[in-house]
Each structure stands twice: as C-alpha cells, then as structure tokens.
Amino acid sequence: MATESTLRFGAQTDEVTSLLRIVNMVRNGEATTRPEIGRVTGLGRGVVTQRVEQAIEMGFLEDGEFGPSSGGRAPRTLHFRAEQARIIVCALGALHIRVGLAALEGDIIDEAHQDWDIARGPAETLDAVMALIDELLERNPDAPVWAVTVGIPGPVDFDSGRPVAPPIMPGWNGFDVRRRFEQRFDAPVWVDNDVNLLALSERARRNDEHVDLIYCKVGSGIGAGLLSQGRIHRGANGAAGDIGHVRVRDSEAPCRCGKLGCLEAVAGGWALVREAEQAIAEGATGYLARAAAAGERPTPERIARAAEDGDALAISLVQRSARVVGESIAALVNMFNPGVIVIGGAVAAAGELFLAEVRQRVYELSLPLATRDLSIVNSVDDEREPLRGGAELAREQLFDVTFPRWFADGRPSVTGVRAAS
C-alpha cells in the first residue's frame, strides 16, 4: 500500500524516473548495492539513499546480505522482492490447456495441464481454465496476482486482447478474452498468439534482449513468432508470422480456414494425420499401421516418434512437411534476415530428421547474405516453454512498458495500467 508521501512523490517526474530506474536496475542485476547504483546513475549518495529507502517502503526492494568490501565498510546488497506477487500464465493449444503460476522474476512455481479441444468455444474453455487456476491458487495462496497472460493458437489484436478470425477457433472471433480475468483478479491481462510466447521464452533462455529471431512452431497448425531486436513484431492486425495460411505452389489441399493449398493443409500435424490414415487404408505397413490396427490413431506426436524410430511412412511424411515448411521459412529469411531460427512443435519433435530438411531448403532458397550468420536449431522441447514465455510477456509489460503508470500505487491494477493507454 502506498503512503501519502509516496503518492506525492509520484507526481515529481525526475524523481519518479530515477526511482523507476533504480528498481529496474536491481531487478535486472545491473546494480545490486547503493554504491553501484550511484556509480551507474551518477546520482549522489544522499539521493541514492533516499530513492532506495522509498523503494523499500513501497515494497519493491529489500536489503540482503553484505557484499564484498572494496577497502571500506562492506555494502549491503539489495534484492527485488520477486516473491511478493504472482503471474498467472494460460497457454491454450488446439488440443490442450496448460496453466502456470510464476514469480515476478519469471520462474514457474506450479502448473496444471488438461487435454482440451479449443473448438469447444470460449465460454467452456475459460471455465476449464479458471478451474485449473483455482487448483494452483489453492496450492499457492501466499501472494496476490499482479498479471495474467493468455496465449491462444490464432491471430490476436494485442491492444484489445481479442482473437481476430482464428481459423481453428470457432466462436472466438472478437471475443473479449481479457474481461473475465480482469473481473476476477483486478489485474492487467495480456492476450497474445501462442507462438509469440514461445519466441519470448527463447529470448529469455538466451538472455539476449536484442536478438533477431524467428520461432517456427510446426504442430497441429503452423505459425511463426518474429523477434526484431528483441521485440515481438505483431503486425497491424496481429497476423504477422501466420505462415500456416500462405499458399503452397501446386497444392489444392482443403484447409480448415476454408481456403485451398495452405501450408498448414500440406505440412501441419493434422494434415500429416490425414495422409497417414489414407496411406494405412491403402495398405501401408510399419509401426503406424500396427498401432492403428491396435486402436491407436495417428497423431502428430506419434508420427514424429515413429519417424525417429525409422518407420518408413512416418519418415516420408515428416520429410515432406519439413521441405515445404523450409520453403516458407526461406521467404521469411529473405525478408526478415534473422540471426536465429528455432523450430519447435509436435511435428518438429522428429528432431534432426525434420531440421536437416528445413536447413537444406532454407539455404537453397535464401540469399547468401541473409544466411551468412544464420543459425537454425531445434527448440528445447520443454512443455513449460509457453508458460515461461507468458511470464516473460507479463514482466516486459509490467516493468518495461506500464511501470510508470502504476508504481505509486504499489501494485498494478486494471485501471492503473490502462490509465495512460
């Protein structure tokens, strides 16, 4: 809770700016003692002492142990109080829901998972999400919620938090996803495309705030998250990176979006399942055929695992997908010139088999200058990736974007974060 002196302080621009900077310097580890803060900021000793005491009074910082001495009295270190609040992250996929609880420094404290069909619509889906959140909060009741992030498998208008014509999410177009979370937690809510969360997770894992990176997810559907100098490029309508619905040359395969010849309809996981079932019906043999005979339908995950284990049908499906995906990524490379491409998702879990085909097509079809320093790698294939990315999005929005709007109140609220929007 902010004191009257804190609120009066909030109106003084120069002092506000220096206080915000000090809190963020400690939070990021740029400076962790009062003398270090003075050296980095150029502020006098008395001013630093005053700002630090105000930050401690407001609950953002706390004193820690004594640091190493440089000849005089050992300085006391400062810590950002990351444990004082929680971030809720909801990662919605085509066929699952994953919910996590994170501390303010981004570490995932607890999580829950449920199989789910996103096509069941927003009302049922958010009921299921809230039930999972309740489970987490019952197990972790010790801190308030300061932010919520929601990742969905489709384009999003980031400013409004509403899905925009998502091809595999009937009933979600224009739905106000944020509202229910805001009403429940009185905390700011950010909604984004699920692949953008994966890209932000990669940025955090690499500890590179200025990376030029493409994260390409090849799962049931196909999408890409674009980082330019460490910042997500979402486009004018949230459709940037939606490569799953670009046209594949000479293809007339019907897509779930209603068009013909989309990349997803040729190379996405659901398209591979369709092709596998057709091949099995026509007499294909091998692991996938035996599994189908035992009642286990092909899935993108099973196809990827079968390809790794040498199943001929699965290998042919995965390699074909990788070649076509590589062609689309090559177009992005020529336009975007990233330093890193990360390949993830259920189909890409086939590992080097998939990655080798993508690399070959990208290097064949891209400009030599655009690929001179390019690295193409597999993702870490960790189910917590979207949760970490959602926590990273919340931290970026809370402390890099909206901090000046709400810090005098001591905690973010819906009205506080939107005040200057």
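How many of the 8 residues of S4 are buried? In strand S4, 7 of the 8 residues are buried, so that the strand is mostly covered, where buried means under 20% relative accessible area, exposed means over 50%, and partly exposed lies in between (1.4 Å probe, protein chains only).

## About the model

This is a predicted model, in which local features need pLDDT of at least 70 and side-chain atom pairs count only at pLDDT 80 or more, while totals for chains, interfaces and linings use all residues. Residues are numbered from 1 along each chain as its sequence is written, and side-chain values use heavy atoms, with hydrogens and water left out.

Helices (H or I, at least four residues) and strands (E, at least two) are DSSP runs, numbered from the N terminus.

## The sheet around S4

Strands of a sheet pair through backbone hydrogen bonds, either parallel or antiparallel. Here an open sheet of 5 strands, with mixed pairing, has the order S5-S4-S3-S6-S9, and two strands count as paired if DSSP finds at least two bridges between them. The edge strands, each pairing on one side only, are S5 (108-115) and S9 (189-193). Neighbouring strands of this sheet are turned against each other by 15° on average, direction ignored; angles run from 0 to 180 degrees between N-to-C directions, and axes are lines fitted to C-alpha atoms, for helices over the stretch in contact.

Strand S4 (residues 96-103) pairs with S5 in the antiparallel sense over 7 bridges, and among the bridge partners in S5 are alanine 112 for valine 99 and glutamate 111 for glycine 100. The hairpin of S4 and S5 has 4 residues between the strands, and in this hairpin glycine 106 takes a positive phi near 105°. S3 and S4 also run antiparallel, joined by 7 bridges, and they form a hairpin with 3 residues between them; alanine 91 stands opposite arginine 98 in S4.

At 1.5 Å a residue, the 13 residues of H9 should span 18 Å, and the end C-alpha atoms of H9 are 18 Å apart, which agrees; the expected span is 1.5 Å times one less than the number of residues. Among the buried residues of H9 are Trp270, Leu272 and Val273, and the buried residues pack against H8 (263-267), H10 (287-293), H11 (300-308) and H12. After H9 comes glycine 283, whose phi is positive, near 110°.

Two packed helices are described by the angle between their axes and the distance between the axes. Helix H9 (residues 269-281) and helix H12 (residues 312-336) pack at an angle of about 145°, with their axes 11 Å apart. Their contact (heavy atoms within 4.5 Å) is made by residues including Leu272, Ala276 and Ile280 of H9 and Leu313, Leu317 and Arg320 of H12.

H12 also packs with helix H13 (residues 352-365), at an angle of about 35° and with the axes 7 Å apart.

## Two loop residues with positive phi

Alanine 165 lies in the loop between strand S8 (162-163) and helix H6 (177-185), and its phi is near 45°, a positive value in a residue other than glycine. Alanine 165 is exposed, with a relative accessible area of 52%.

Asparagine 207 is found in the loop between helix H7 (194-206) and strand S10 (213-218), where its phi is near 55°, a positive value in a residue other than glycine. Asparagine 207 is exposed, with a relative accessible area of 67%.
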